[in-house]
Structure formats: C-alpha cells, structure tokens
Amino acid sequence: MPFTANRQFKAEPRMLVGARDMHYTSEDGRTILDGTAGLWCVNAGHGRSTITEAVRAQLERMDFGPTFQMGHPGPFELAERLVKHTPDGINKVFFTNSGSESVDSALKIALAYHRAKGQGERTRLIGREKGYHGVGFGGISVGGLVNNRRMFGTLLNGVDHLRHTLLPENAFTQGIPEQGAELADDLERMIALHGADTIAAVIVEPVAGSAGVILPPVGYLQRLREITRRHGILLIFDEVITGFGRVGEPFAANRFGVTPDMITAAKGLTNGAVPMGAVFVADFIHDAFMNGPDSAIELFHGYTYSGHPVAAAAGLATLDLYEREGLFQRALELEERWAEALHSLSDLPHIKDIRNIGLVGAVEFEPRETVGARGYDVFHHCFWQGNTLVRCTGDTIALSPPLIVSESQIDEIIGALKHAIKTVN
Ligand SMILES: Cc1ncc(COP(=O)(O)O)c(C=O)c1O
C-alpha cells in the first residue's frame, strides 16, 4: 500500500466501502465524516450523480480514443473551460493522469522551453525543503521530504532547494503569516553561485500541503516571482492540492495575485472520480515550441491516457458543479469560521502550531520523547472513536474537508479532533 505501514494496517485494517456527499461508510457499517476530501481531491463531495452520468455517457459514446496524432472533443472543451479560471496569460493545457505526472511534465516542458529558445544550458531545477511534488524521479528530486528521497539514490543532478517557510515566529497565526518573505532571496544566492543562465525553473507549492499545510509569508511568492522574472527563470506553482477552490479561488495563484509560468494540477480536476492531471502553461512557453515546420512534433512527451475521454467527461461535469454551486468561492466564505474553529484547539495539550487558509488547515503536535507519533494516534482515535477522517503525516494532522462542508460539520470535525487530542497523551 502507498505511504502506509503495511504490517500495522494488516493487523487493523481501516476499510471504506461507500461514500456519499460528506461521508464515507466503513466496512463495519459506521458513517465517517470526511475531513480530508478523500486525499485532498473530492472537493465537491462524494458520489455526485452528474459526474457518474457523464462518465457513463462517455463510456457508452466512446470508451477510449488516442491523443497521439488523433483527437476527440472532450479534452479540448475541458481545456478551453479550465483556462477561464487560470490567471491571465496561462491559456494552454497539457493533460496527464496524476499530480506526479503533471510535475514531471512541467519540469520537462521547462527544460525543453529553454532549449527551444537556444538556452539549452539552463538545466538546473530548484525546489524547496519540505516540498512535495509527487513520486516521479523529477518530483522527488525537486521535493524536499527526506523520507521520500533517501531510499532512492542520487536522484536528478543539478537540483537545489530553497529553505522552507515554516518559521516558529509565525506559530498560531490565523491565515497568512507575516514573517519570512526574505526567504525567497535564497534564490538570489543560488543565482550568484551557479549563474542564472544555468537555471531552468523553480517549483514550489504556493501552500505546501503534504508537509503539513505550510503557508507562504506575506510577500514571499511575489518576491520569488520578481526574482525569477528578472533572471529569465520559469516559475512553476504546484497546485495539485491548492487547485480547484481549496484556498478560496480557483487556484492559489489567483488568491495570492501572483502569476507563475506553469501550474500543475490533478486531484480536484475530476473531483477524484477518475484519475487526471494537467499542466497549465503560459502562452509564451507554448509559442516557443511552434517555430519548426508544421509537420514537426513540437513536444516529444505524453501518456497513453493523456486527455482520456472518460476523465475529460468527469472533468467537465466537475467544473459544472464547481461553477454552478459557487465552490471556487466557498472556501473564502467559510475561511473565518474555519479558522476560528481550528484555532479553538490551541489551548489543548502538546500543540505546537495551528495553521489555516481557505478550507485547509493543520494542527501540529510537539514530538514525543518516546517512539510513535502523536499525529498517528490522533488520526486513529478520530477514525475509530470519532467517526471522522483526518489525515496525519508524522506529528501533523491536516484537514481539508470537501468544499460543500456545512458549518455544523466543521464543528463536528473539530469536535472529534478535540476529543482525540484530549484522549491521546
Ligand atoms: C503538491 C502535490 N504535487 C504532486 C502530488 C502528487 O500527486 P499524485 O499522487 O496524483 O501523483 C501531490 C499529491 O498529494 C501534491 O500534493
């Protein structure tokens, strides 16, 4: 099983057998409140009938069609509708099947872009400590979570990492923290060390999800944008988690008012119903590939299932829901309520930090001196006793409920967490 203590799981399996709206059903027949939108992906809630219908209709119309040298309408229509929500100047889409593939595709597009511009020596990639960019070799190379890297050898050459932005002076800030914009200047040091003309791209999650919801300090992303632009370095926002309304706008790029050169996405793109990812690409990058003869393939890259017709149908039905139900705005509407509920936990024992933005949040615990993470025990208690699904990574509990969550369900999630924290030592 992925990212799971397999032997522990085998001894006490946590099995889900059904899902509807805000709830799962467990194998032992309990109703479990979903505090994590599955795995940060079911933004419109579970079992949405219009998505089911769209998938069924597409399977009946055409189950599969290749996108290598052939086409079909779904992905084109989806791309055209999606880019209405991306920042100005980002109007091109390359479809993948996951966040990891989106990241690897974006990194390859960055390298190929510079080469197309006659700057093939720009090959360095820069990520950030605590970054999570999926599990492909590109993604773990630019990623900054040591456990995800150290089993797998030397990874890609020529990769550096900015420092992360999780600063103790920002602990318990409600919303975007004040301190730390200057951490973006790490990039200036790397440029001074290597030369800007060797650097292809910087990739960051605007809000780092998997490492425990780490927020960008006020002005940080703006500063990164300014430095990358000044030096001709591409800026990629990995929005696999923040995409599709999680932070109160379609993308974090919209929320923070910073336009990167590429955005990677997946998860909420199809509401988790069918695997699909996407790279949103600035027009100027796309155009740089269009200089050869018309008969030349512009990008030697792609997946059998890029732009899969069934995934595209699920994506279109999902986008209908997001638009019709105002779900891109809902996280912003609930942000204050969510922050208040989450920060009401701050006086409980062993709590080191609480962080939030939009409808995402994290509670970080002090590490124990003995073995075994508190986070796991809290997660375990929430599932078995609190009938609530939360997510744990080490000593951090992350929360990201579907965007259809009600105010009373917010209280339920926080109540289950409170009980668990009081119980676990
Ligand atoms: C920011 C980010 N990038 C990439 C990924 C990888 O996505 P996938 O698991 O679909 O490959 C994730 C998954 O959580 C993610 O959070």
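Domain bounds here come from an automatic or database domain assignment. With those bounds, the C-alpha centres of domain 1 and domain 2 lie 26 Å apart.

**Ground rules**

The model is predicted: local features need pLDDT of at least 70, side-chain atom pairs count only at pLDDT 80 or more, and totals for chains, interfaces and linings use all residues. Residues are numbered from 1 along each chain as its sequence is written, and side-chain values use heavy atoms, with hydrogens and water left out.

**Stop 1: the whole chain**

Show the C-alpha trace. Along its principal axes it spans about 65 × 55 × 40 Å. The radius of gyration, taken over C-alpha atoms, is compared with a globule rule of 2.2 Å times the number of residues to the power 0.38. For 425 residues a compact globule would come near 22 Å; the protein has 21 Å, so the two agree.

Switch to cartoon. There are 15 helices and 15 strands. These are DSSP runs numbered from the N terminus: helices are H or I with at least four residues, strands are E with at least two.

Buried residues make up 55% of the 425. Buried means under 20% relative accessible area, exposed over 50%, and partly exposed in between (1.4 Å probe, protein chains only).

**Stop 2: the two domains**

Colour 6-47 + 327-423 as domain 1 and 51-324 as domain 2. Then select the residues where they meet. On the domain 1 side, 38 residues are in contact with 33 residues of domain 2. Contact means heavy atoms within 4.5 Å. Across the protein, take contacts between residues at least 6 apart in sequence: 73% join residues at least 24 apart.

**Stop 3: helix H14**

Select 374-384. This is helix H14, mostly covered, with 9 of its 11 residues buried. Among the buried ones are Arg 374, Tyr 376, Phe 379, His 380, His 381 and Cys 382.

**Stop 4**

Go to Asn 170, in the loop between strand S6 (159-162) and helix H8 (186-194). Its relative accessibility is 9%, so Asn 170 counts as buried. Leaving aside neighbours within four places in sequence, Asn 170 is in contact with Pro 177, Glu 178 and Gln 179.

Check backbone angles next. Most residues other than glycine have a negative phi. Asn 271 is not a glycine, yet has a positive phi of about 60°. Find Asn 271 in the loop between strand S9 (262-265) and strand S10 (277-282). Asn 271 is buried, because its relative accessible area is 5%.

His 350 also has a positive phi, about 70°, and is not a glycine. His 350 sits in the loop between helix H13 (327-343) and strand S11 (351-357). With a relative accessible area of 30%, His 350 is partly exposed.

**Stop 4: Asp 88**

Select Asp 88, in the loop between helix H4 (73-82) and strand S4 (90-96). Asp 88 has a relative accessible area of 74%, so it is exposed. Asp 88 and Ala 416 are 42 Å apart in space and 328 residues apart in sequence.
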